[in-house]
Structures are given as C-alpha cells and as structure tokens.
Amino acid sequence: MGGEALYERYKDALKRGHVASLRGHLEEALSAYAQAAAIAPERPTPHASAGTALLRRKRPADALRFYEAALRVAPRDETSLLGRAQALAALDRRHEAA
C-alpha cells in the first residue's frame, strides 16, 4: 500500500477515535486509536489520544499506560508529558507528576 493511502487510513482511524471519544463511546475510541497506532507505530498521537479519553473518564491508571507508550515513541511530546503528569496527579503521585 502506498504511503499516501496508508496516511489516509491513519487519519481516518484517528478521526473515528476522536468522534467516538467525544460521543462517549470509549471502547470504540480505543479500538480506533489502536488501529491508528498499528498503522503508524512511530507516532505518539494515537496513544496520547487514548490516554486522554481514559483520563476524561476517570481512569488515570489506564491513561498513564497509554501516555507512557506515547512517550516511548516520542519522549518530548508535550501532549503526552502533560497527560502523564495529570494522570500521576490523579493517582496521588504528585511528586512524580512534578
């Protein structure tokens, strides 16, 4: 599959994840983000987006795992760093969050 077609599949999976998350369909969102991550494993956005969806639903421990996956791919990704700090704070691990 060509690079452009692959990128379109990636963007479509991310969009489906974002829409599902906004509609409150967490499992559907996580599935779409997993598809995006499989298509472009070098990108942090699918992992960070899954973390954000979980954090919004008061699941900081699960969110933390996704933010840490995003940071393994892109250690300086600001969205992932912020999300990780928020998840740690929600878990009363404020010292680590700082």
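Helix H1 (residues 3-22) and helix H2 (residues 26-39) have axes that come within 7 Å and cross at roughly 160°. The model is a predicted one, in which local features need pLDDT of at least 70, side-chain atom pairs count only at pLDDT 80 or more, and totals for chains, interfaces and linings use all residues. Residues are numbered from 1 along each chain as its sequence is written, and side-chain values use heavy atoms, with hydrogens and water left out. Helices here are DSSP runs (H or I, at least four residues) numbered from the N terminus; axes are lines fitted to C-alpha atoms over the stretch in contact, with angles from 0 to 180 degrees between N-to-C directions.

H1 and H2 are therefore roughly antiparallel (an angle over 145 degrees). Their crossing is left-handed, that is, the near helix is turned anticlockwise from the far one by less than a right angle. On the H1 side, the residues in contact (heavy atoms within 4.5 Å) include Leu 6, Tyr 10, Leu 14 and His 18; on the H2 side, Ala 29, Tyr 33 and Ile 39 are among them. By class, the contact of H1 with H2 has ten nonpolar, four polar and three charged residues.

Two loops hold a non-glycine residue with positive phi. Lys 58, between helix H3 (45-56) and helix H4 (60-73), has phi near 60° and is exposed (over 50% relative accessible area, 1.4 Å probe, protein chains only), at 72%. In the loop between helix H5 (78-90) and helix H6 (94-97) sits Asp 92, again with phi near 60°; Asp 92 is exposed too, with a relative accessible area of 62%.

Conventions. Parallel < 35°, antiparallel > 145°, perpendicular 65-115°, else oblique. Nonpolar A, V, L, I, M, F, W, Y, C, P; charged D, E, K, R; others polar. Buried < 20%, exposed > 50% of the residue type's maximum accessible area, 1.4 Å probe, protein only.
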